[in-house]
Amino acid sequence: MIINGKIIYFDFCREYVGKTKIAKEKDYDVSMKSLYQRNMCNHKAYGSVWNKCVKRRLYLDNVIHFPPYLADRISEAPLDCKGGESVFVQLLLKLYAWLRRKNKKD
């Protein structure tokens, strides 16, 4: 499979102890980039970079800066601004998370 995007994004699954949450991404084509960015800022699209693959060339050809206060939900924004074409691939990535349990006083 040959993919011509600079940023490749996927559906993802969060695995917790005893619970699974699946987050489905919408397939935004190149003409819908502004809609994707708007949805990312409005928490309707997942803009975090951990469920994305980014071509190394995008980092090497540009000065990419991630401000320390940047929210995880929009952390892809600096990459988009440098001309990253996003492509959706319908595969499911998994994130294994641990539940935090509150200490119960007996």
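## Exercises on side-chain contacts

Lys19 lies over the face of Tyr16, at 5.6 Å from the ring centre. A charge sits over a ring if NZ of Lys or CZ of Arg is within 6 Å of the ring centre and within 35 degrees of the ring normal.

The model is predicted, so local features need pLDDT of at least 70 and side-chain atom pairs count only at pLDDT 80 or more, while totals for chains, interfaces and linings use all residues. Residues are numbered from 1 along each chain as its sequence is written, and side-chain values use heavy atoms, leaving out hydrogens and water.

### Exercise 1: aromatic pairs

Task: Find how many aromatic pairs there are, then classify Phe12 with Tyr46.

Solution. 
- Step 1. Take the rule: rings of Phe, Tyr and Trp (its six-membered ring) pair if their centres lie within 6.5 Å; planes under 30 degrees apart count as stacked, over 60 as edge-to-face and the rest as tilted.
- Step 2. The rule gives four aromatic pairs.
- Step 3. In Phe12 and Tyr46, the ring centres are 4.9 Å apart and the planes stand at 85°, so this pair is edge-to-face.
- Step 4. Helices (H or I, at least four residues) and strands (E, at least two) are DSSP runs, numbered from the N terminus. Phe12 is in strand 1 (residues 7–16), and Tyr46 is in the loop between helix 1 (33–41) and strand 3 (52–54), so the pair ties together parts that are 34 residues apart in sequence.
- Step 5. Check accessibility. Buried means under 20% relative accessible area, exposed over 50%, partly exposed in between (1.4 Å probe, protein chains only). Phe12 has 1%, so Phe12 is buried. Tyr46 has 22%, so Tyr46 is partly exposed.
- Step 6. Look for a cluster. Tyr9, Tyr28, Tyr36 and Phe88 are linked into one by ring pairs.

### Exercise 2: salt bridges

Task: Count the salt bridges, then locate the partners of each.

Solution. 
- Step 1. Use the cut-off: a side-chain nitrogen of Lys or Arg within 4 Å of a carboxyl oxygen of Asp or Glu. The structure has three salt bridges.
- Step 2. Take Asp11 and Lys24. Their closest N and O atoms are 3.8 Å apart. Asp11 is in strand 1 and Lys24 in the loop between strand 2 (19–23) and helix 1, so the pair ties together parts that are 13 residues apart in sequence. Asp11 is buried at 3%, whereas Lys24 is exposed at 57%.
- Step 3. Take Glu76 and Lys52. Their salt bridge spans 3.5 Å, N to O. Glu76 is in the loop between helix 2 (56–61) and helix 3 (77–81), and Lys52 is in strand 3, 24 residues apart. Both Glu76 and Lys52 are buried.
- Step 4. Take Arg57 and Asp61. The closest N and O atoms are 3.0 Å apart. Both residues are in helix 2, four residues apart, about one turn of the helix. Arg57 has a relative accessible area of 51%, so Arg57 is exposed.

### Exercise 3: cysteines

Task: How many disulfides does the whole structure hold? Are Cys13 and Cys41 buried or exposed?

Solution. 
- Step 1. Recall the bond: a disulfide joins the sulfur atoms of two cysteines covalently.
- Step 2. Apply the cut-off, a pair of cysteine sulfur atoms within 2.5 Å. The search finds zero disulfides.
- Step 3. Cys13 is buried, at 2% relative accessible area. Cys41 is exposed, at 52%.

### Exercise 4: Asn4

Task: Where is Asn4 found?

Solution. 
- Step 1. Asn4 is in the segment before strand 1.
- Step 2. Its relative accessibility is 65%, so Asn4 counts as exposed.
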